[in-house]
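This report covers a strand, its pairing, and a set of salt bridges. The structure comes first.

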Amino acid sequence: MEQALVTILAGGHGLLVGVPGLAKTKLVETLGKVLGLAEQRVQFTPDLLPADIIGSEVLEEGADRTRSFRFIKGPIFAQLLMADEINRASPRTQSALLQAMQEHHVSVAGKRYDLPRPFHVLATQNPLEQEGTYPLPEAQLDRFLLQIDVHYPDRASERRVLLETTGDKSAEAVQALDAEELMATQRLVRRLPVGDKVVDAILDLVRAARPGEGHPEIAPHVAWGPGPRAAQALMLATRARALATGRLAPSLDDVAALAAPVLRHRMALNFAARRETTVAELIDKLVSRIG
């Protein structure tokens, strides 16, 4: 929940990875309601076309029998888009979403249509079932500010879920912000001061995870590592986490807490390293050097 909120406060997009039934969709719906955002949901399938997301032009005939094209907007024209099982969409559809995520506008028949502000994509992905899926290319993964791994709840949390969701009454989320207040908060996040020690920690962390020039214990295991966008994401995310927890400047603890969500989808092991270690273990080694 914290990482999803940090993603939106930082003005980015998030990738929720977890097995079915862990309330990923419920989390996005609740965030939309609490933050006062217009929310849409798209269930991605292999036969989904770009026009199913972006929209399409239709030919209309007026009362005077003149004909003209009218653009009917698709579900992407929302402030918070829930892209469910995004890796089931074909590369053609994924590329259409990629432009919208990066440029905040879409192009149809040579005409530009701006997306609402703010605009955020929270996508889900099932890490287990990979048959009939199209893995997201590295270029699109890099567009997600954080990869949020959703795990099974602990016993106390699951007990609370059982008691609160199987009765005749259910708790309802209450709107706390509206879109204008959220955008003002996002501007405030970018104005938070960041100390030199935190900036250096971010740079050291990202650069150490790269092949060739990285840390000697890490670099030999890495096929490709995080680029400058990872450092930008970590800088924004640490500011957002500080603000969300009532502080006006990020600390090294924020860098350590957000290193894995920022880096794990921006790194890949080489073939030889896959038998010896995991990306998570490499990130843990990098985090242990912070300070």
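How many bridges join S5 to strand S8 (residues 120-125)? Four bridges join the two strands, which run parallel. The model is predicted: local features need pLDDT of at least 70, side-chain atom pairs count only at pLDDT 80 or more, and totals for chains, interfaces and linings use all residues. Residues are numbered from 1 along each chain as its sequence is written, and side-chain values use heavy atoms, with hydrogens and water left out.

**Strand S5**

S5 spans residues 80-84. Strands are DSSP runs (E, at least two residues) and helices are likewise DSSP runs (H or I, at least four), numbered from the N terminus. Two strands pair if DSSP finds at least two bridges between them. S5 also pairs with strand S2 (residues 39-43), in the parallel sense and over five bridges. Leu80 is the bridge partner of Glu39, and in S8 the bridge partner of Leu80 is His120.

Five of the five residues of S5 are buried (under 20% relative accessible area; exposed is over 50% and partly exposed in between, with a 1.4 Å probe and protein chains only). In a regular strand the side chains alternate between the two faces of the sheet. In S5, Leu80, Met82 and Asp84 are on one side, Leu81 and Ala83 on the other, and all are buried.

**Salt bridges**

A salt bridge is a side-chain nitrogen of Lys or Arg within 4 Å of a carboxyl oxygen of Asp or Glu. By this rule the count comes to 11. Among them are these:

| Pair | N to O distance |
|---|---|
| Asp84 and Arg41 | 2.5 Å |
| Arg112 and Asp114 | 2.8 Å |
| Asp254 and Arg247 | 2.8 Å |

Asp84 counts as buried at 8% relative accessibility, whereas Arg41 is partly exposed at 42%. Arg112, at 52%, counts as exposed.

Asp254 is placed in helix H10 (residues 252-263) and is buried, with 0% relative accessibility. Arg247 is partly exposed at 29%. Glu2, Arg241, Arg247 and Asp254 are linked in a network of salt bridges. Leaving aside neighbours within four places in sequence, Asp254 is in contact (heavy atoms within 4.5 Å) with Thr238, Arg241, Ala242 and Arg247.

An unreviewed UniProt entry carries the annotation "domain: ChlI/MoxR AAA lid" for residues 220-282; UniProt positions are given in the numbering used here, feature names are shortened, and annotations may be inferred rather than shown by experiment. In the model, residues 220-282 are 52% helix and 8% strand, and the end C-alpha atoms lie 11 Å apart.
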